[in-house]
Amino acid sequence: MTPPQRQRRQPAEKAPPEPGKKPGEGKIPERLYVLTGATEDGDRAELDLVTLIVARSDAPQSATPEQAALLGLCIAPLSVAELSAYLNLPYSVVTVLLTELLTAELVQARAPIVRQALPNRSLLEAVMHGLQKL
Amino acid sequence: MDFKSSDTITGPRTEDHLPHTAQAAVKIVIVGGFGVGKTTMVGSVSEIRPLTTEETMTQAGVGVDDNYGSDTKTATTVAMDFGRISITDQLVLYLFGTPGQERFWFLWNGLFEGALGAVVLIDTRRLEVSFDVIGRLEERGVPFVIAVNSFPDGPHYPVEDLRTALDLSPDVPIIECDARRRASSRDVLMTLMRFLHSLAMTGSLT
C-alpha cells in the first residue's frame, strides 16, 4: 500500500509589498473592535499570546467593567491567551483593553521569549528539564 | 458578545494560579488536520484544563466588485485550544492546538513567529490532510517534528516510507505516539526539544 505523496516547499522569500498597498494591507485580516473605543489605526502594545500580564493595582473607580474584570483576573500572572479565554473575548479585543491598561500603568507586561536568530541552548535545556519531570 | 458588569467571570482556580515569580513564557504549536488529536494532545500534558481563545477575522471577498464595499467581507472566528506546563518557577510553556481550518492559523498574527517550534500530528488514514500545513511551516522556516497519532484501524507505514511520502529532509524526527497518553505526548514534546537543541548546536536554528 503506497501512501499519498507530498512535495517539499522552501522557505519563502519575503515578497516585495504590492504597489499601492500599505504594509499590513491585503492578506492580513482586519481585526474587529467591538467593545472598545479604539480605532483600527490605534496603536496597540506589542503583546503576544503568551505575554504574561500582572495587575499593578486594584481597579480604579473609573475602570470600565471589562477593565475591572481583567484587573481582577491578573492578580497572579496570566497570559494574554488565558485572559482571552476567561473573559470570553477575542484575542485582539483583549490586546486593545490591555493597551489601555498598560498606558494607565495599571498592569505590567512580562515579555515572552521568542525564537531568536541566535539559538538559546540554555532555554531549550530548561524546557527539556521541565518536561522530564512531567 | 455582550459584557455586563453582572456577568460572573470565572477565573483560574486557585491551584491554577502561576507563581508571582513567573517571568516569561514560551510556546509550541500543535498542528495537523481536523480530528487528528491536537486538542487531545494539549489536554493530556496540560496542567490546567484546556482553555479556548478565539480571534475574529474578516477577509475581503475575492473577485467581488468594490461597489459592494465592506458588505462583501466575511467574518470568521478562529478558535484555538491551549494548555500550560510550568517549567520552572520563572518559565512557563504554552501549547496551542486548534480544531479550526488550517489556513486561518497562519493569519493569526504572531502565533508561529514567536513559537519555539511545532508538532505536526498526523493520522495515517488521512496523510494528505497534513500536506498543506507542513508546506506552510517549511515556507515560514518554523522547525517541526512529525508525530504519528496511532489509530488502531490506520495503515502502518514504515518510518522511511512516511519520510518519503511526506518529502521530509532526513533530519526531521518522526515519532509514533498516542495523544491520549500523557507520557507519550510528553515524549513528542521532548523529541521536538531535542531536535531544536540539535539545530541550535549546529547553528542552523534561525
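# Briefing on chains A and B

From the N terminus on, the elements of chain A follow the order β-β-α-β-α-α-β-α, where helices (H or I, at least four residues) and strands (E, at least two) are DSSP runs numbered from the N terminus. This is a predicted model, in which local features need pLDDT of at least 70 and side-chain atom pairs count only at pLDDT 80 or more, while totals for chains, interfaces and linings use all residues. Residues are numbered from 1 along each chain as its sequence is written, and chains are lettered from A and ligands numbered from 1 in the order in which they are written.

**Chain A**

- Chain A has four helices and four strands, and 33% of its 134 residues are buried, a residue being buried if 20 or more other C-beta atoms lie within 10 Å of its own, exposed if 12 or fewer, and partly exposed in between, with C-beta atoms placed from the backbone.
- Of the contacts in chain A with a separation of 6 or more, 66% join residues 24 or more positions apart; two residues are in contact if their C-beta atoms, placed from the backbone, lie within 7 Å.
- Helix α2 (residues 80-87) of chain A is mostly covered, with eight of its eight residues buried, among them Glu82(A), Ser84(A) and Tyr86(A).
- Just after α2(A), Asn88(A) adopts a positive phi of about 60°.

- Strand β6 (residues 144-149) of chain B is largely enclosed by the rest of the structure, because six of its six residues are buried.
- In a regular strand the side chains alternate between the two faces of the sheet.
- In β6(B), Phe144(B), Ile146(B) and Val148(B) point one way, Val145(B), Ala147(B) and Asn149(B) point the other way, and all are buried.
- Strand β5 (residues 117-122) of chain B pairs with β6(B) in the parallel sense over five bridges, pairing being assigned if DSSP finds at least two bridges between two strands, and Leu121(B) stands opposite Ala147(B).
- β6(B) also pairs in the parallel sense with strand β7 (residues 174-177) of chain B, over four bridges, and here Ile146(B) stands opposite Ile174(B).
- The chain crosses from β6(B) to β7(B) through helix α4 (residues 159-165) of chain B in a right-handed β-α-β crossover, meaning that, with the strands pointing away from the viewer, the path from the first strand over the helix to the second runs clockwise.
- β5(B), helix α3 (residues 131-140) of chain B and β6(B) likewise make a right-handed β-α-β unit.
- Asp161(B) is found in helix α4 of chain B and counts as partly exposed, because it has 14 C-beta neighbours inside 10 Å.

**The nonpolar core**

- The largest nonpolar core has 84 residues, of which Ile28(B), Ile30(B), Ala118(B), Val119(B) and Val120(B) touch the most other members; such a core is a set of buried Ala, Val, Leu, Ile, Met, Phe, Trp, Tyr and Cys residues joined through C-beta atoms within 7 Å.
- Helix α3 (residues 91-103) of chain A supplies the largest share of this core, seven residues.
- Leaving aside its neighbours within four places in sequence, Ala118(B) is in contact with residues including Ile28(B), Leu137(B) and Phe144(B).

**Where chain B touches chain A**

- 68 residues of chain B are in contact with 53 residues of chain A, and on the chain B side the largest share, nine residues, comes from β2(B).
- The residues of this side divide into 37 nonpolar, 20 polar and eleven charged, where Ala, Val, Leu, Ile, Met, Phe, Trp, Tyr, Cys and Pro count as nonpolar, Asp, Glu, Lys and Arg as charged, and the others, Gly among them, as polar.
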